Amino acid sequence: MTKIIIALLIGFLIGAACRWFDIPVPAPPQLLGVFLIMSITVGYSLTDRYLASRADAHQSRTEQKKRQDL
């Protein structure tokens, strides 16, 4: 949840800075741009969950091996 809040805050600040300094927004201002940003976000989130689950599984296997060795 913290990552989502930070990402939204950074996105808001980038958008506000672009408008304030009259810089073009770093994303296409069309529906295609929205889908591009959304797909990047979903891809990041799914990969983050996958890697976290792999790390948890690896940690539990390592702990089981340590118990068996004792």
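**Briefing: a pocket, a surface patch and selected residues**

Asp22 sits in the loop between H1 and H2. The model described here is predicted. Helix H1 covers residues 2-20 and helix H2 covers residues 31-69, and each of them supplies at least two residues of the lining of the largest pocket.

- Asp22 is not a glycine, yet its phi is positive, at about 55°.
- Most residues other than glycine have a negative phi.
- Asp22 counts as exposed because its relative accessibility is 63%, and the cut-off for exposed is over 50%.

**The largest pocket**

- Rolling a probe the size of a water molecule over the atoms shows where empty space is left.
- The largest pocket holds about 760 Å³ of space.
- Its lining is made up of 20 residues, and those nearest the centre of the pocket are Lys3, Ile4, Ala7, Leu8 and Thr41.
- H1 gives nine residues to the lining of the largest pocket, which is the largest share.
- By type, the lining of the largest pocket has 13 nonpolar residues, four polar ones and three charged ones.

**The nonpolar patch**

- A nonpolar patch on the surface is formed by Leu31, Val34, Phe35, Met38, Val42 and Leu46.
- Together these six residues have about 590 Å² of accessible area.
- Leu31, one of the patch residues, belongs to helix H2.
- Leu31 has a relative accessible area of 57% and is therefore exposed.

- Ser60 is located in helix H2.
- Ser60 has 35% relative accessibility, so it counts as partly exposed; that class lies between the 20% limit for buried and the 50% limit for exposed.
- Lys65 counts as exposed because its relative accessibility is 58%.
- Lys65 and Phe21 are 57 Å apart in space, C-alpha to C-alpha, and 44 residues apart in sequence.

Conventions: Residues are numbered from 1 along each chain as its sequence is written. This is a predicted model: local features need pLDDT of at least 70, side-chain atom pairs count only at pLDDT 80 or more; totals for chains, interfaces and linings use all residues. Side-chain values use heavy atoms; hydrogens and water are left out. On a 1 Å grid over the protein atoms alone, a cavity is a set of points where a 1.4 Å probe fits but cannot get out, and a pocket is an open set with protein on both sides within 12 Å along at least five of seven lines; lining residues have an atom within 4 Å of a point. Grid points are joined across faces, edges and corners, and a volume is the space filled by probe spheres set on the points. Helices (H or I, at least four residues) and strands (E, at least two) are DSSP runs, numbered from the N terminus. Ala, Val, Leu, Ile, Met, Phe, Trp, Tyr, Cys and Pro count as nonpolar, Asp, Glu, Lys and Arg as charged, and the others, Gly among them, as polar. Buried means under 20% relative accessible area, exposed over 50%, partly exposed in between (1.4 Å probe, protein chains only). Patches are made of residues with over 30% relative accessible area and no salt bridge: like charges are joined within 9 Å, nonpolar side chains (Val, Leu, Ile, Met, Phe, Trp, Tyr) within 5 Å. Accessible areas come from the Shrake-Rupley method with a 1.4 Å probe; for residues, only the protein chains shown count as cover. A salt bridge is a side-chain nitrogen of Lys or Arg within 4 Å of a carboxyl oxygen of Asp or Glu.
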